[in-house]
Amino acid sequence: MSEGWKAVDDYIAGKLLGDDAALAAALANNKVQSLPPIDVSATQGKMLSLLAQVAGARRILEVGTLGGYSTIWLARALPEDGALVTLEIESEHARVARENLERAGVSAKVDIRVGPARDSLAAMTDAAPFDFVFIDADKQNNAHYVAEAIRLGRSGTVVVVDNVVREGGVLDADSGDPRIDGTRALFDMLSAEPRLDATAVQTVGAKKWDGFVLARVR
Ligand code: SAM
């Protein structure tokens, strides 16, 4: 990783984000409890929170909770009566997330559903329509998750999918990496999906060279 990318992320965070005890405590707790450090960065978390607010989101769906770092950012974007459903396959991750959400004071707004996200989505009869969907779990299922976001959304729902550049790996049709194959399948799906208006933006920073899809349900 370029040293400069991380330094600029730190500069932006220092200028625009400030210190945040609850978020710092969540990352520290994740580390103590041996969760992998694959949460979004602070600047990305703030971007998600701002996007959810710009969308006027009252109901948010997240696929991939980990320790709830991005969940905290998103839950903070909600109004008092807002709600967030987050899906996580690992019960241990969900347990740590519950601790972090409680400490951050947002647990009353958040419903963590444990199990394979495909199953949780298929069984979801409540909570929809969602105004904002953040997808950040197993990349193999990204196209399916976006299709579910459309089904559980409405016209105007905003969909963000993380990690869609993978240090340029997205260009490699023969990688044999299921995460890259899943990402390429996502782009194939998006390019053929008339119900979505979508773009993808490359990013560099503390999380190296990557990017996200931003889409809106027509
Ligand atoms: N969004 C989190 C954040 O920024 O703080 C990071 C999520 S992490 C990149 C991906 C999470 O998705 C992991 O906790 C992993 O256990 C979970 N996951 C992987 N496959 C899943 C599946 N099939 N269903 C639900 N969750 C899954």
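Student: Which elements make the right-handed β-α-β unit in this structure?

Tutor: Such a unit is read as a strand, a helix and a further strand, together with the hand of the crossover. In this predicted model, the right-handed unit consists of strand 1, helix 4 (residues 69-76) and strand 2.

Student: In what sense do strand 1 and strand 2 pair, and over how many bridges?

Tutor: One reads the sense of the pairing and then its bridges. Strand 1 pairs with strand 2 (residues 83-88) in the parallel sense, and 5 bridges join them. Within this pairing, Val-85 of strand 2 lies opposite Leu-61.

Student: Which residue of strand 4 is the bridge partner of Val-63?

Tutor: That partner is Ile-135. Strand 4 (residues 132-135) and strand 1 also run in the parallel sense, with 4 bridges between them.

Student: How many residues surround the ligand, and which are the closest?

Tutor: The ligand is surrounded by 18 residues, the closest being Asp-39, Gly-64, Tyr-69, Ser-70 and Ala-117. Helix 4 and strand 2 are the elements that each give two or more residues to this shell.

Student: How do the residues of the shell divide into nonpolar, polar and charged?

Tutor: The shell around the ligand holds 9 nonpolar, 4 polar and 5 charged residues.

Methods:
Residues numbered from 1 in each chain as written. Predicted model: local features only at pLDDT ≥ 70, side-chain atom pairs only at ≥ 80, totals over all residues. Pairing = 2+ DSSP bridges. Right-handed = clockwise from strand over helix to strand, strands pointing away. Near = placed C-beta within 6 Å. Nonpolar A, V, L, I, M, F, W, Y, C, P; charged D, E, K, R; others polar.
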